[in-house]
Amino acid sequence: MNAENFGSSERLVTAAYVRQGAQGRRAHELRLRALLEQGKCPEDGWDESTIELFLHELAIMDSNNFLGNCGVGEREGRVASGLVARRHYRLIHGIGRSGDISAVQPKAAGSSLLNKLTNSVVLDIIKLAGVRTVTNCFVVPMATGMSLTLCFLTLRHKRPKAKYIIWPRIDQKSCFKSMITAGFEPVVIENVLEGDELRTDIEAVEAKIKALGAENILCVHSTTSCFAPRVPDRLEELAVICANYDIPHIVNNAYGVQSSKCMHLIQQGARVGRIDAFVQSLDKNFMVPVGGAIIAGFNESFVQEISKMYPGRASASPSLDVLITLLSLGASGYKQLLKERKEMFSYLSSELKKLADNHNERLLDTPHNPISLAMSLKNLDENNDVAVTQLGSMLFTRQVSGARVVPCGSVQTVNNYTFKGFMSHANDYPCAYLNAASAIGIKKQDVDVFLKRLDKCLKTSKKEKIQI
């Protein structure tokens, strides 16, 4: 209520009580004012009542919620189900306009404000997480793969002759298909084995650029977050090469926001060389439903070009989800989650090493990977990949999700390109192994239960091997 309505309320309720209620309302409004003025994630998280009040205030600014609204167009924010309307807080118009996902909608001032605030708050969090010189970003209602495709399609207009994308190999289908879907030919650069780690072959990247011609290359497509024993690409070296040859550089930072090391690599790469855009998932970094990503960069105009490449309006759901989450957590809450994740990585690493030693296996030495770990499975059954695969099935049926069991020598074809040793990021990795990751939101209980079930599964697998 405004001041006039509070004044009128004093006719019905004691003035002192009304003033007290007005002060309570004022406390909520001060939070909203700070968010609107600063555009930053609040240091302390908001309670749900403040968030819901804010969303209601935004919703009544949209034309579909105007009292007496008369819509005669084809897109009037009509919703048949009240349940669906409530699920979206009656923010029905989505974000953007037909020519620009970041543009303001005349019919939807509230939804447009939601979009602008979300992008501003997310930019603040990216800076907080370590990429302090990022200049612009926007939330897009597509997962990481399609968001990468949007970046490549934007570059097509800048480099019309280009047909190749240089891609240090990472065995994850969506990032490979993102290049195919955009109409480009991936040039796969095999990784080099250094100890247990698979690392970027910088010499091979530069040799391939010289062989193909820089003008024929759309970009270098590198990766930060990945499954061990693959480790983040050598971003600084790649960024320098891109700057030297005037080639764009797109980074797949899928779940790297939660890692200070991954974010540091991006910051350093932009400092010493060239990074045009980096893409990260909403669900993996902010614990929201799948369906959104953040495209960010160091050149504000290029990020705007990407947003204008998105055809049509877009769903506001990913923006709404991440804004609610970050307002709920606050900057301090998100920083605490990052701290806890790092602590759990150390705990998972030490405990998984103990378990590996007990089973005459070893924790692979991958110090450059800050999120994922790998444990060898050499002694499970060196000559029988079926036993290795069965271990993965045993874990899954025992409700262990996310652990990956990688046998040796599996072959898979993706869009007519055959990968030998698929999932291991190399043609001939020396051993089969199991992956486990310490991602944001993981708890000590998750680690303890996983290790207990893994131990039991390994013992069962050994017994079955002896009986055979």
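This report walks through the pockets and cavities of the structure above.

The model is predicted, so local features need pLDDT of at least 70 and side-chain atom pairs count only at pLDDT 80 or more, while totals for chains, interfaces and linings use all residues. Residues are numbered from 1 along each chain as its sequence is written, and side-chain values use heavy atoms, with hydrogens and water left out.

**Terms**

On a 1 Å grid over the protein atoms alone, a cavity is a set of points where a 1.4 Å probe fits but cannot get out, and a pocket is an open set with protein on both sides within 12 Å along at least five of seven lines; lining residues have an atom within 4 Å of a point. Grid points are joined across faces, edges and corners, and a volume is the space filled by probe spheres set on the points.

Let us begin with the open spaces. The largest pocket has a volume of about 910 Å³. Its lining counts 38 residues, and Phe 227, Ser 401, Gly 402, Ala 437 and Ala 439 are the closest to the centre. Among the elements that each supply at least two lining residues are helix H6 (144-158), helix H7 (173-181) and strand S14 (433-437); helices (H or I, at least four residues) and strands (E, at least two) are DSSP runs, numbered from the N terminus. Helix H15 gives the most to this lining, with 5 residues.

The second largest pocket, at about 250 Å³, has 15 lining residues, with Ser 102, Lys 116, Asn 119, Asn 136 and Cys 137 nearest its centre. Helix H5 (109-128), strand S1 (136-140) and helix H12 (300-309) each give two or more residues to that lining, and H12 has the largest share, 5 residues.

**Cavities**

About 40 Å³ lies in the largest cavity, which is lined by His 359, Glu 361, Asn 379, Leu 380, Leu 458 and Lys 462. The second largest cavity has a volume of about 30 Å³, and its lining includes Trp 167, Phe 176, Phe 419 and Phe 422.

**Linings by class**

Here Ala, Val, Leu, Ile, Met, Phe, Trp, Tyr, Cys and Pro count as nonpolar, Asp, Glu, Lys and Arg as charged, and the others, Gly among them, as polar.

| Space | Lining residues by class |
|---|---|
| Largest pocket | 19 nonpolar, 15 polar, 4 charged residues |
| Second largest pocket | 4 nonpolar, 7 polar, 4 charged residues |
| Largest cavity | 2 nonpolar, 2 polar, 2 charged residues |
| Second largest cavity | 6 nonpolar, 1 polar, 2 charged residues |
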